[in-house]
Amino acid sequence: MGEIKLDYTLQTPEERNELVKKIIDNSSPEDLTPRYLEILSDYIIFAMDKQERKQKNILTDNHMVTVNKRETSFQGLADQLEEGEDGIYGMIANDKNIIFTPKVSITKHDIETVPGLKELREAIAEVETECKAATGKRKYALKKQLIEMRQDQYVLKSSYHPPMSYINGVKSFASLDLSETFSIDAEGEPRSDCLINLFNPVHVSALLCHYSALKEEVYDKFYTDLYYLIMDLENLIDETLKQDYPLYFDLLVYKIDGKQNIEIQRLLAEKYNITYSIEYLSSLWRKKIPKLIAEKAQEKCLMWYYTTQEYGKWKRCSRCGQIKLSHNRFFSKNKTSKDGFYSICKKCRNKKGGATLRK
């Protein structure tokens, strides 16, 4: 094979493509070996990679490894978990890339204790310095070498200090002490000092995602706090969703039964003649529904507190006629009124906006 003369001052794929065409036209068939063509292809692809990375439109090899790992993990877990894909959210952090592989970094302790790691890190630093000054084909080769060396340092670390994955911090959730004390803060809002409480939408979401497993665990354990926590959750679900938000209630039941969002989308469309996106259904399950349940828990606590513990102020809604606690939970604030609240309760004021879901 003859010597290949490539012009690395050409930066765009179009310019390099024209040069490659000329080289091929002037080469004999014997010279066009697989290796020869591979070098010419890399010459064009490297320019494309560089251009597209500037526009942030390309997934590099390293990024694709992460993406593939995430997709494989996500799909694998979704198939195995009883509550489907949303059960995964109880096992991952905010960054969805963190599923099976925890964030790993090279620490000072690793450099001091892992044989060969210090030398490898020094070699990486030398190549990085050389790469900054290199141009053309040499720079390309050094970048490829850097990628391999950086990967090697984590492989080396893992062989001596394998990462620890958090699997299950509590073997028996039912054994937790969930006793609590209620209080009312300066803003008039209920507070609980319990480790897990139904005032917190995040806690409610976690309980819903693992409802089936928790229900099974406390099936005959009437002596545990968890048994009564699950019972309170069930009562709140009925009071919050069954009458006022039947679509949400059905969605919750479908999720607990282990149905996937695509099937739930079809079932809800058949029953309510409304088609929501998969993303929106997932958002309802993880955010909207837990928030509604948590708010109902707070309202019930306020009713209990201002009925049994302290005398509360009450007023009748001028629209529905119901007597409710004179509190921001039930009436919107109005500085011009005598008691500081509107005469129409929040539920009546919001009825129009939620009519579609309350059919």
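These are my notebook entries on a predicted model.

**Ground rules.** I number residues from 1 along each chain as its sequence is written, and I work with side-chain values from heavy atoms, with hydrogens and water left out. Since this model is predicted, local features need pLDDT of at least 70 and side-chain atom pairs count only at pLDDT 80 or more, while totals for chains, interfaces and linings use all residues.

**Whole chain.** I looked up the secondary structure and found 13 helices and four strands; helices (H or I, at least four residues) and strands (E, at least two) are DSSP runs, numbered from the N terminus. Of the 359 residues in the chain, 35% are buried. Buried means under 20% relative accessible area, exposed over 50% and partly exposed in between, with a 1.4 Å probe and protein chains only.

**Rings.** I noted eight aromatic pairs in the structure. Rings of Phe, Tyr and Trp (its six-membered ring) pair if their centres lie within 6.5 Å; planes under 30 degrees apart count as stacked, over 60 as edge-to-face and the rest as tilted. Tyr 245 and Tyr 248 make a stacked pair, with 5.2 Å centre to centre and 5 degrees between the planes. Tyr 245 counts as buried because its relative accessibility is 15%, and Tyr 248 is buried at 3%. I also found a cluster in which ring pairs link Phe 182, Phe 199, Trp 304, Tyr 305 and Tyr 306.

**Charges over rings.** I counted a charge as over a ring if NZ of Lys or CZ of Arg is within 6 Å of the ring centre and within 35 degrees of the ring normal. Lys 315 lies over the face of Phe 331, 4.9 Å from the ring centre. Arg 349 lies over the face of Tyr 342, at 4.3 Å.

**Two helices.** I looked up how α9 (residues 225-242) packs with α12 (residues 278-309): the angle is about 100 degrees and the axes are 9 Å apart. Axes are lines fitted to C-alpha atoms, for helices over the stretch in contact, and angles run from 0 to 180 degrees between N-to-C directions. The angle makes α9 roughly perpendicular to α12 (65 to 115 degrees; under 35 is roughly parallel, over 145 roughly antiparallel, the rest oblique). Residues in this contact (heavy atoms within 4.5 Å) include Leu 233 and Ile 237 of α9 and Ile 289 and Leu 292 of α12.

Most residues other than glycine have a negative phi. Asn 273 has a positive phi, near 60 degrees. I placed Asn 273 in the loop between α11 (261-272) and α12. At 72% relative accessibility, Asn 273 counts as exposed.
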